[in-house]
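Me: Could you take a close look at a single part of this model for me? I would enjoy a connected walk through one region, with the cut-offs spelled out.

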Amino acid sequence: MSTKGKVTGIIANLVTIEVDGPVAQNEICHIDLKGIKLMAEVIKISGKNAYVQVFESTRGLYVGCTAEFTGHMLEVTLGPGMLSKNYDGLQSDLDAMDGVFLKRGDYTQALDQSKKWGFTPLAKVGDTVSAAAWLGTVKEGWIDHRIMVPFRLEGNYTVKSIVGAGDYTVTETVAVLADANGNEHNVSMSMKWPVKVEVKGYKNKPRPFKIMETGIRTIDTFNPIAEGGTGFIPGPFGCGKTVLQHAISKNAEADLIIVVACGERANEVVEIFTEFPALDDPRTGRKLIERTIIICNTSNMPVAAREASVYTGMTIAEYYRMMGLKVLLLADSTSRWAQALREMSNRMEELPGPDAFPMDLPAVVANFYSRAGFVYLNNGETGSITFIGTVSPAGGNLKEPVTESTKKAARCFFALSQNRADSKRYPAVDPIDSYSKYLEYDEVIEYLGKVIEPEWVNKVLTLKDILLRGTEARGQINILGDDSVPLDYHILYNKAEVIDFVILQQDAFDKTDCSTPLDRQQHVVNTVLDICNAKFVFDGFEEIGIYFKRLINHLRQMNYQTFKSDKFNELERQLKDLLAERVSETQAQAAQAS
Amino acid sequence: MKTKAFQKIYTHIENVTKATCTVHAEGVANEEMAIVDGRPAQVVKIAGDRVTLQIFPGTQGIATNAEVVFLGKPPTIKVSDELKGRFFNAYGDPIDGGPEIEGKEIEIGGPSVNPVRRKQPSELIATGIAGIDLNNTLVTGQKIPFFADPDQPYNAVMADVALRAKADLIILGGMGMSNDDYLYYKTLFDNAGALDRITAFINTTDNPPVERLLVPDMCLTTAEYFAVEKNMKVLVLLTDMTLFADALSIVSNRMDQIPSKDSMPGSLYSDLASRYEKASQFPDGGSITIVAVTTLSGGDITHAIPDNTGYITEGQLYLRRDTDVSKVIIDPFRSLSRLKQLVIGKKTRKDHPQVMNCAIRLFADAAGAKTKLENGFDLTDYDRRTLDFAKEYSRELLAIDINIEIDTMLDTAWTLFGKYFTQDEVGIKKDLMDEYWKASA
């Protein structure tokens with residue numbers, strides 16, 4: 001018999017329930033408000049009192065309302081049919097709800113219960129299987145969706161029976177498994193899993209060693225994120241966090257993108273709903289929406305469900321990872337999630353940490369980021385979750401608790417700078433403050449050396465050095481005046497500008513420039529590096545600025561052309577003439593040779 | 001609000017603080033309204049039979065034997081066409097001497113719009129002010145505040161925007177508004193002959209500050225009624241949201257909540273977002289657009305109120321006094337309308353995006369030249385031309401007293417380009433240049 005209880009206290013969405021039986025931490029209950037069931041999660045237990053956070057508005061709730069406990073934690077339903085769906089933070093299908101406004105207690109099915117999927121068995125009767133082993137496969141859109149042994153089953157099982165190829169709904173039994181004691185377990189194409197528990201059942205999780213191509217030069221070239229890696233994007237408002245995340249979601253080389261809109265503007269999600277069905281995936285030619293799942297808990301939706309939404313997204317990502325897919329998970333913004341934790345901690349009258357955030361915030365953040373990763377499955381296949389979160393630091397101050405906690409957990413740091421945004425240098429990722437720890441991994445260096453070219457990482461580091469020295473040179477010029485510094489300072493500064501304008505800056509709204517494949521990035525890096533290594537001859541500082549403006553403009557025109565097209569090749573030939581004007585022949589050759 | 005028969009009356013108040021009182025009562029619902037000693041109050045906490053009420057006008061003079069009457073409903077408003085042309089206080093009671101409103105009674109602060117039912121905003125709102133229409137175009141369904149210091153004429157600009165915006169209905173929410181400003185708006189709307197499409201909910205500085213908390217919800221619930229049920233284009237003006245946030249902090253302080261940044265409650269972001277996010281383009285053509293005012297303290301936008309607002313709203317508008325032309329202008333550098341991309345060059349002439357960017361870039365060059373001048377460096381010929389351009393651009397386009405069509409704004413910009421610059425310096429795409437370039441006469 002399930003535990004029941006009665007409401008005895010209410011402060012905003014923190015409700016106290018006196019229970020008549022056992023309850024578990026994080027257990028889900030439903031509070032009955034005149035026939036409307038409000039979902040809530042236990043967050044503290046004290047004697048007979050369970051403190052629950054309600055995922056809905058508690059307006060109208062009164063002392064004496066009954067509650068029923070479900071015996072399980074917050075779960076998601078996993079199975080075919082999640083692709084292209086728009087879910088709320090609790091995995092209710094938003095499109096299945098009636099009316100313009102969200103209604104309290106309106107929880108819709110995550111999966112279409114009546115749709116039949118074409119199932120093809122992969123396992124045979126008599127096979128020994130364990131959790132997450134592939135039993136069969138269905139085509140979900142263009143993805144081979146593997147039907148797996150439910151994750152909750154521990155130990156080894158024998159396949160007692162499995163249905164033949166045919167069409168089944170997600171609830172029909174497709175296989176029967178027998179455990180060591182001979183007990184039988186029916187398996188359908190859907191299963192449930194608690195969101196706050198990581199899906200294990202893979203063989204091992206090595207250090208990431210491959211690069212997840214995003215098509216964004218400032219990321220791939222300068223601070224690459226590994227497949228299965230983690231990164232975060234902090235930045236004040238108006239710096240282009242969301243544009244950058246959207247650009248990543250459009251161009252990243254992933255099988256599946258899960259976008260968690262966590263406590264952000266609803267119109268930004270509307271943009272995805274509206275644009276993705278019309279945009280082509282540059283890699284597969286299909287529509288972008290076909291590889292996208294949206295978890296949407298916008299800023300005006302209930303705060304407690306905001307916390308759930310990031311876990312819901314992560315769990316769905318883990319499910320697809322077990323099928324051997326490359327999943328990219330984006331969360332915008334994790335600060336809102338942290339704020340939801342703060343609101344609750346405050347109502348529970350916990351002693352506050354910095355800025356009134358809960359003391360365990362760094363641990364919660366670190367635990368979440370650790371669920372990403374590249375894995376080897378038991379059947380030898382690989383899968384990955386690459387996670388990129390945005391952080392909205394209060395007052396643009398990167399020393400605030402959420403940014404600091406995330407900095408400890410994430411391996412890539414894409415700092416958006418107000419100065420770059422103000423001067424319209426987009427994406428506004430600061431090349432000096434940002435970093436990618438993966439550039440220090442021997443595995444990654446070796447991998448890049450293999451897929452791009454040997455010495456690639458050294459070339460990138462050289463460019464970073466020039467950028468830094470160029471910034472210093474500009475500082476000197478600003479202090480001393482144009483004509484009081486040696487010409488070399490001007491040249492160095494302008495070389496840094498070439499790197500900035502030609503590699504770092506990228507037009508997210510141009511159909512060619514918005515995404516640069518790795519081979520093209522290699523080409524542009526080598527072109528720019530040759531320029532940086534070349535020795536230029538000038539008579540005065542005025543002509544340096546004029547010459548480099550022409551050079552930059554020329555290189556940018558090249559960025560706008562299709563790679564290796566006639567027009568591009570023509571511009572490349574002209575580039576040689578342009579360089580010859582100021583680079584003496586022998587030195588140019590010397591630069592080429594280096 | 002009046003008491004009626006058969007309502008439960010309690011007279012044993014156990015606890016009184018500056019803003020709240022606690023009474024033993026049963027069967028009370030969360031967020032229910034009550035009358036304590038004739039004053040409106042709302043349930044904010046229930047612990048067993050101890051019910052804590054927030055008393056909006058404050059607790060001065062409340063005795064432990066005062067009468068507490070529970071009304072059995074959350075705060076509501078009666079909505080109908082009768083709301084048009086009327087002025088109300090924060091509780092929705094008329095303050096213009098007119099009769100009570102008859103209509104459907106609905107809860108304020110109701111549920112959110114299902115995000116998948118929203119439409120992408122795509123309808124331009126023309127204001128005639130080039131600093132807005134040309135550089136920071138507004139779109140229906142948008143939410144955008146003015147970030148302004150208290151001495152700047154934001155109320156006047158907002159009134160201009162409201163009157164020119166061709167909205168079906170304008171809802172004014174005044175929070176902590178001075179009585180003078182209230183009368184200013186009233187007279188202005190009256191003189192413009194626009195009173196029949198105005199509804200106002202006003203909390204003036206004479207009223208208790210905590211009452212302000214009801215004003216945005218009153219406005220936005222009314223807006224939802226007209227936008228959803230009557231498919232109207234509704235423009236909501238909220239001034240001043242900083243004072244609204246101050247009231248939030250007063251309440252959270254008295255409820256013994258732990259303050260976060262700048263003594264604001266930890267829930268400030270959600271509290272502001274739940275109001276601003278009511279801005280929406282609805283599927284059947286109605287829309288709610290919010291233009292708000294957030295007053296700054298000494299231009300500090302890192303303070304928790306403007307900072308959280310910036311993360312919620314779709315851009316912000318800054319006013320600035322341009323001493324070179326002695327006019328207040330819309331600052332082209334810091335102002336931003338995030339939704340302008342949805343309309344410029346699509347609903348407006350195709351040269352709009354390029355002209356906009358180019359003019360701002362040249363204006364930025366002028367700012368650079370000015371710094372050079374101040375530091376005692378020599379100016380080039382180009383520097384001097386940008387400075388002249390900047391003055392005229394500021395006077396003819398950025399100033400808030402401009403009222404022209406968008407095509408005229410674009411033509412004016414082309415005229416200025418032709419007057420001061422060569423085609424190379426302007427650097428706009430060639431085909432647009434061929435079509436619109438105006439060589440100086």
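Reply: Happy to! Two strands pair if DSSP finds at least two bridges between them, and strands are DSSP runs of E with at least two residues, numbered from the N terminus. This is a predicted model, in which local features need pLDDT of at least 70, side-chain atom pairs count only at pLDDT 80 or more, and totals for chains, interfaces and linings use all residues. Residues are numbered from 1 along each chain as its sequence is written, while chains are lettered from A and ligands numbered from 1 in the order in which they are written.

Let us look at the open sheet of chain A that contains β9. Its 4 strands follow the order β12-β11-β9-β14, with antiparallel pairing. At the edges stand β12 (143–148) and β14 (166–168) of chain A; each has a single partner strand, so one side of each is left without a neighbour in the sheet. On average, neighbouring strands of this sheet are turned by 40° against each other, direction ignored; the axes behind such angles are lines fitted to C-alpha atoms, for helices over the stretch in contact, and angles run from 0 to 180 degrees between N-to-C directions.

Within the sheet, strand β9 (residues 117–121) of chain A is joined by 3 bridges to strand β11 (residues 134–140) of chain A, and the two run antiparallel. One pair of bridge partners is T120(A) with T137(A), the latter in β11(A). As background, strands of a sheet pair through backbone hydrogen bonds, either parallel or antiparallel.
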